[in-house]
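Visitor: Could you walk me through this protein, please?
Guide: Gladly, let us look together.
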Amino acid sequence: MARFPQAPFPLTGQTISLLGGAGFVGHALAARLGARGARVLIPTRRPEQVRELKLIPGVQLIEADVFDPATLERLCQSSSAVINLVGILNERGHDGSGFRRAHVELTERVIAACQSAGTPRLLHMSALNADEQGPSHYLRTKGEAERKVHAAASNGKLAVVSFRPSVIFGPGDSFLNRFAGLIRRMPGVFPLARADARFAPVYVGDVVAAFLHALETRELEGQALDLCGPRDYTLGELVTYTAQLIDHPLTVLPLPDWAARMQARVMEYLPGKPFSRDNLASLSLPSVCPEACPRQPTALEAIAPRYLRR
Ligand SMILES: NC(=O)c1ccc[n+]([C@@H]2O[C@H](COP(=O)([O-])OP(=O)(O)OC[C@H]3O[C@@H](n4cnc5c(N)ncnc54)[C@H](OP(=O)(O)O)[C@@H]3O)[C@@H](O)[C@H]2O)c1
């Protein structure tokens with residue numbers, strides 16, 4: 001199991017810019033950074049919807065467009081580290097340009113701003129299986145962005161770490177909670193695309209611990225860190241487990257590939273795009289870590305019942 005020991009570069013008094021900090025991972029990370037005495041700047045398009053973040057000591061919400069170079073420059077100038085959590089699972093359109101903008105173009109701007117302001121550290125959130133040759137727009141653009149982040153470190157002035165989690169669980173997650181919402185509307189049978197797809201769900205607290213370790217030590221500099229929980233599951237097992245927790249027993253009906261493609265094609269036109277052909281393509285790769293990779297310690301079964309059971 002990976003454990004991160006206490007470390008020598010305290011965060012007290014440091015200013016950290018947390019791009020995408022108003023999301024699920026951002027909430028957990030902001031809380032821990034604030035508790036460590038850091039000042040945390042969170043630019044967001046929707047400050048009114050995440051007002052609770054202001055209650056965390058040290059957190060400052062800024063209504064801003066993170067794509068604006070002047071905004072990025074100001075954030076970078078006042079920060080000893082920038083963390084980029086911005087990411088999307090689905091784009092508005094269908095041609096990959098939305099993924100490219102959120103993942104690659106924003107990352108290019110963040111790197112340029114860090115370099116121009118002389119910010120010493122950039123922590124970048126990628127994803128397990130991110131790869132420029134990957135099967136989906138999501139994985140290809142995540143891979144391209146991650147490569148650019150590591151290339152930016154080559155002049156020795158910007159220290160970078162990238163993080164490559166499998167699916168992340170914890171209170172407020174959009175994975176188990178989304179399935180719980182869907183399951184509640186199902187009459188007892190759940191038609192599931194790629195029910196045999198594999199995941200190693202990792203606890204958001206462990207992901208946050210990895211980010212803190214990267215800030216408080218220099219041990220992870222230059223690394224691309226795969227983050228997996230202690231056990232692998234199939235998607236079918238995760239849906240069945242979620243159904244048990246919310247006391248809504250059901251049978252998972254694994255869809256054959258042709259039906260999964262049809263389901264994705266229909267669902268990507270529903271409001272909020274709950275599932276898409278791009279998601280289906282990402283599921284073609286197992287989202288699990290290699291044997292040799294140390295696993296993060298927290299078990300799904302230790303946490304999920306606390307927030308999924310009502
Ligand atoms: N959750 C997982 O299971 C998981 C697994 C692997 C990798 N990741 C990666 O981890 C990161 C954080 O995930 P999360 O679950 O915390 O995501 P999330 O809850 O959806 O939050 C994403 C954040 O990104 C920002 N964002 C998205 N699109 C944007 C755009 N076009 N312009 C400006 N801001 C934009 C949002 O900012 P606003 O506040 O302005 O809306 C939001 O705060 C993402 O990069 C994701 O790809 C997540």
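Visitor: How many residues of domain 1 are in contact with domain 2?
Guide: In this predicted model, 17 residues of domain 1 are in contact with 16 residues of domain 2, where contact means that the C-beta atoms of two residues, placed from the backbone, lie within 7 Å. Local features need pLDDT of at least 70 and side-chain atom pairs count only at pLDDT 80 or more, while totals for chains, interfaces and linings use all residues. Residues are numbered from 1 along each chain as its sequence is written.
Visitor: And which element gives the most to that side of domain 1?
Guide: That is α4, with three residues; helices (H or I, at least four residues) and strands (E, at least two) are DSSP runs, numbered from the N terminus.
Visitor: New topic: which residues of α10 are buried?
Guide: In α10, residues 300–308, the buried ones are L300, I303, A304 and L308, and buried means that 20 or more other C-beta atoms lie within 10 Å of a residue's own, whereas exposed means 12 or fewer, with C-beta atoms placed from the backbone.
Visitor: Why are they on the same side?
Guide: Because they cover an arc of only 110° around the axis of α10, the arc being that of the directions from the helix axis to the C-beta atoms.
Visitor: What do they pack against?
Guide: The buried residues of α10 pack against β7 (168–169), α5 (176–184), β10 and α7 (235–245), while A302 and R306 are exposed on the face turned away.
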